[in-house]
Amino acid sequence: MKKLLTSVLALMTTAGCVFAQESVVAADPTTIGNDSARQALKEVSVDRFELEGSWDASISPDNGVISARLFEGAPAAKEPIPGDEDVPDTKVLGIKAEFFHRGVNSFYIRAARPIPIEGVTKTISLWVTGRNMDHSLFVLVQDYYGNNFELYVGNLGFSGWKKMQVAVPPTPDGEHGIVQQSPYDGVRPGLRIIGFRVDCNPQLARGTYYFYMDDLRAVTDLYDIENKDEDDMRDDW
């Protein structure tokens with residue numbers, strides 16, 4: 001009887017672990033930081049990578065050289081945001097990193113200026129090509145108070161285009177972690193995208209690596225903004 005009970009508990013523990021792992025893969029914006037039924041979720045375009053010079057790539061001069069430019073093209077599986085079907089979206093951002101040697105290398109893709117996202121951001125997504133290299137992609141963000149954070153987006157060990165997504169963890173108490181709004185400061189909640197970082201696998205960081213990005217989006221909660229009365233005063237004086 002004791003052995004049977006132990007086996008049942010072990011199976012329940014294993015099932016719980018599997019469920020936890022699967023829940024991380026596909027982030028549901030409706031449940032991230034959902035402490036209230038009052039949400040107005042909307043998917044918005046952050047950047048379509050259509051303007052030359054709006055993004056810059058950099059790498060340590062000791063590790064290699066890098067360049068960034070726009071190319072005609074788009075992921076075939078990408079679908080436009082409803083209502084944005086007529087917005088020009090024909091280019092992607094290409095990155096070419098040429099490594100001098102193997103080692104612990106990273107390179108950055110930074111926006112010319114931080115890109116703001118209105119509301120409380122739940123998830124950030126973009127299309128990338130991984131070229132089947134075991135590198136790691138991070139998105140660099142800045143919160144309401146100007147504090148910088150990095151979020152792990154995923155591993156680039158796949159071929160072709162893939163839509164990657166990361167959830168923005170909610171602040172536990174409004175003071176720690178990524179704070180996106182405060183009842184004590186300012187009137188406009190939001191997050192800012194600074195750029196991206198690719199941490200390279202030391203064994204694979206050699207030769208030339210090509211990396212492409214497109215269609216940076218966010219799912220954001222606009223409840224406080226959409227439900228603010230027009231005659232309400234602004235607390236920014």
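A nonpolar core is a set of buried Ala, Val, Leu, Ile, Met, Phe, Trp, Tyr and Cys residues joined through side-chain atoms within 4.5 Å. In this predicted model, the largest such core has 41 residues, and those with the most contacts inside it are Phe 107, Ile 109 and Phe 211.

Arg 197 is placed in strand 10, which covers residues 190–199, and with a relative accessible area of 10% Arg 197 is buried, because buried means under 20%. The side chain of Arg 197 makes a polar contact of 2.7 Å with that of Asp 199.

Side chains of opposite charge can pair when their charged atoms come close. The structure holds eight salt bridges, and one of them joins Arg 217 to Glu 43, with 3.5 Å between the closest N and O atoms. Because Arg 217 lies in strand 11 and Glu 43 in strand 1, this pair ties together parts that are 174 residues apart in sequence. Arg 217 counts as buried at 7% relative accessibility, whereas Glu 43, at 29%, counts as partly exposed. Arg 217 also forms a salt bridge with Asp 215, where the closest N and O atoms are 2.8 Å apart, and both of these residues are buried.

Conventions: Residues numbered from 1 in each chain as written. Predicted model: local features only at pLDDT ≥ 70, side-chain atom pairs only at ≥ 80, totals over all residues. Heavy atoms only, no water. Buried < 20%, exposed > 50% of the residue type's maximum accessible area, 1.4 Å probe, protein only. Helix = DSSP H or I, 4+ residues; strand = E, 2+ residues; numbered from the N terminus. Polar contact = N/O pair within 3.5 Å; in protein donor to acceptor, adjacent residues only side chain to side chain. Salt bridge = Lys/Arg side-chain N within 4 Å of Asp/Glu carboxyl O.
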